[in-house]
Amino acid sequence: MTIAPLRRSDIPRCVELERELFPGDDPWSSAAFHAELDQPGNHYVGAYLPDGQLVGYAGLAVVGRPPEVEAEVHTLAVDPAWQRAGVGRTLLRALLTRADEVHAPVYLEVRTDNDPAISLYQAHGFDRVGLRRRYYQPSGADAYTMARPARITESHRD
C-alpha cells in the first residue's frame, strides 16, 4: 500500500465510499471533495494498492499561521474490505505528520458509537474534550470532539 496525495480522478471512488460508509448521514458529494481539494491549507491523501486502487482517504485542514496554527481532521474513510488492516492507522499518521511539520494541535469529531475509530485516535494521543449533540445529520448521532496537543520537535525547542 502506498500513501500519496489524493487525486481529483479519485473523487468518484471517494463519493462511492462515502455513500457506503455514511448512509445515514450526509455523505460528501463530488462538489464537496473538489472544494476540499481546492483549499490551499488542506492536505488530502489516499491509500493505494499496487494496482492503483484507492482503498481509503483522509483529509486535514491546517489553518492560521505560527504560532497560532491548528489542524482539523476533516475526514478519514477506509473501504470496508480493508478495515482493521492498518489502512486507517497509516492514513491518520500521514495527517499527523503534516500537522507536526507545522507544530499544530489537531482536532476532530467522531461518532460516539464508533469505538474502533475512538480507540485509533486515543492510541495516537487524542483525548475527548467535548460532546456535540446531534452533530451528524440527518441521523442526529452525537460526536465527541477530540484533540491532540501540538508536538514540538527537538529542533523547535530553542
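Student: Which residue just after H4 takes a positive phi?

Tutor: Gly125 does, with a phi of about 90 degrees. Helices (H or I, at least four residues) and strands (E, at least two) are DSSP runs, numbered from the N terminus. This is a predicted model, in which local features need pLDDT of at least 70, side-chain atom pairs count only at pLDDT 80 or more, and totals for chains, interfaces and linings use all residues. Residues are numbered from 1 along each chain as its sequence is written, and side-chain values use heavy atoms, with hydrogens and water left out.

Student: Thanks! Which residues of H4 are buried?

Tutor: Ala117, Ile118, Leu120 and Tyr121 are buried. Buried means under 20% relative accessible area, exposed over 50%, and partly exposed in between, using a 1.4 Å probe and protein chains only.

Student: What covers the buried residues of H4?

Tutor: The cover includes S4, H3, S5, S6 and S7. Contact here means heavy atoms within 4.5 Å. H4 lies across S4, S5, S6 and S7, and runs at about 160 degrees to S5. For such angles, axes are lines fitted to C-alpha atoms, for helices over the stretch in contact, and angles run from 0 to 180 degrees between N-to-C directions.

Student: Let's look at the sheet. What is the order of its strands?

Tutor: The order is S1-S2-S3-S4-S5-S7-S6, in an open sheet of seven strands with mixed pairing. Two strands pair if DSSP finds at least two bridges between them. The edge strands, S1 (2–5) and S6 (127–136), each pair on one side only. From one strand to the next, the twist averages 25 degrees.

Student: Do S4 and S5 run in which sense, parallel or antiparallel?

Tutor: Parallel, over two bridges. Glu72 has Tyr107 in S5 as its bridge partner. The chain goes from S4 through H3 to S5, and this β-α-β crossover is right-handed. That term applies if, with the strands pointing away from the viewer, the path from the first strand over the helix to the second runs clockwise.

Student: What about S5 and S7, parallel or antiparallel?

Tutor: S5 and S7 are antiparallel, with six bridges. Tyr107 has Ala147 as its bridge partner in S7, and Val110 has Tyr144.

Student: How many residues of S7 are buried?

Tutor: Eight of the eight are buried, so S7 is largely enclosed by the rest of the structure. Ala141, Ala143, Thr145 and Ala147 point one way, while Asp142, Tyr144, Met146 and Arg148 point the other way.

Student: How many residues are between S6 and S7?

Tutor: Four, and the two strands form a hairpin. Gly140 in the turn has a positive phi of about 80 degrees. Pro138 is also in the loop between S6 and S7, and the peptide bond from Gln137 to Pro138 is cis, with omega near 10 degrees.

Student: Which residue other than glycine has a phi near 60 degrees?

Tutor: That is His103, in the loop between H3 and S5. At 19% relative accessibility, His103 counts as buried. Arg84 has a positive phi too, near 70 degrees, and sits in the loop between S4 and H3. With 70% relative accessibility, Arg84 counts as exposed. For background, most residues other than glycine have a negative phi, and most peptide bonds are trans.

Student: Last topic: which residues touch the most other members of the largest nonpolar core?

Tutor: Leu60, Val106, Val110, Tyr121 and Met146, out of 31 residues in that core. A nonpolar core is a set of buried Ala, Val, Leu, Ile, Met, Phe, Trp, Tyr and Cys residues joined through side-chain atoms within 4.5 Å.

Student: What does Tyr121 touch?

Tutor: Leaving out residues up to four places away in sequence, Tyr121 touches Leu76, Leu92, Leu108, Val110, Phe126 and Met146. There is also a second, separate core of eleven residues, including Ile11, Phe33, Tyr44 and Tyr48.
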